[in-house]
Amino acid sequence: MKVAVVISTVGFHWEELYDAYKEFQKSGSEINFYTVNGHQPKGDPKSLEKNEVMSTFGLGLSESFSPDTEIGKEIVNKFSQVQPVGNMNTDETDIIYLPGGHGCLFDVNIDRELHQKILEAYQKGKLLSAVCHGTSTFGFVNDGSKPIVADKKMTGFPEKLDNILLKAGWVHEKFVPIPYSNEDKMKKSGAKVSNFNFLRSLFTPGHTEVDYPFVTGVGPKAAENVAKKTLKLAEKRLQKAQA
């Protein structure tokens, strides 16, 4: 499999990149990193604060998935090979994966060139996956006059939880005010987002939604599940094409 990972240069969530990368790597996939301008990715400072307790909820960093681990070092080394998203060849890409982080609301999600690449991949039946604040990216993409997420079951970071994190000081000051609601953007684009999305983010933080070609996760703890399910769908697609 060939996986294109599009990462924010403003502030990506480290665990959401790490957990998915680990699964893609384990599968033997070819993984290429992209940013909207070809500059190196930057982590959301809050996602890189060491906090073993809060990291179990997707807030902060654990030693088990830190940049100092073997996989963490491999990821950081690949940052030097990052390409601008315009270099992405969707004919040679099986999966597009978007890790979240509040920073992606400012660059990845709203980038028109990325929207065009996503549309190309969508029209070719490629897999489109994202977690947390990255999920609303798909809500900006239209196929003609229709959003590509219309009538698709999706999940992503809920607005209510963002409001709680803002009050608790768990959103870095450089992302405040949050420019738009990730969840609201998906809903306004016609995606089917459950009324229980907020509760799922609290009680089943690994929750994912699969509605081909989309695989989306509610928050940081869903990144591993999203990668696994996306790989499984991509493998089925490949087998069907070869049959």
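Two strands are said to pair if DSSP finds at least two bridges between them, and strands here are DSSP runs of E with at least two residues, whereas helices are runs of H or I with at least four residues, both numbered from the N terminus. The model is predicted, so local features need pLDDT of at least 70 and side-chain atom pairs count only at pLDDT 80 or more, while totals for chains, interfaces and linings use all residues. Residues are numbered from 1 along each chain as its sequence is written, and side-chain values use heavy atoms, with hydrogens and water left out.

With these terms in hand, one can trace an open sheet of 7 strands, which follow the order 3-2-1-4-5-11-10 with mixed pairing. Strand 3 (83-84) and strand 10 (208-211) each have a single partner strand and stand at the edges, so one side of each is left without a neighbour in the sheet. Strand 1 (residues 2-6) pairs with strand 4 (residues 95-98) in the parallel sense over 3 bridges, and V3 stands opposite I95 in strand 4.

Now turn to helix 1 (residues 14-26), whose 13 residues reach 18 Å from the first C-alpha to the last, close to the 18 Å expected at 1.5 Å a residue, where the expected span is 1.5 Å times one less than the number of residues. Helix 1 is largely enclosed by the rest of the structure, because 10 of its 13 residues are buried, meaning under 20% relative accessible area with a 1.4 Å probe and protein chains only. Among these buried residues are W14, L17, Y21 and F24. Just after helix 1, G28 takes a positive phi of about 85 degrees.

Technical notes: Buried means under 20% relative accessible area, exposed over 50%, partly exposed in between (1.4 Å probe, protein chains only).
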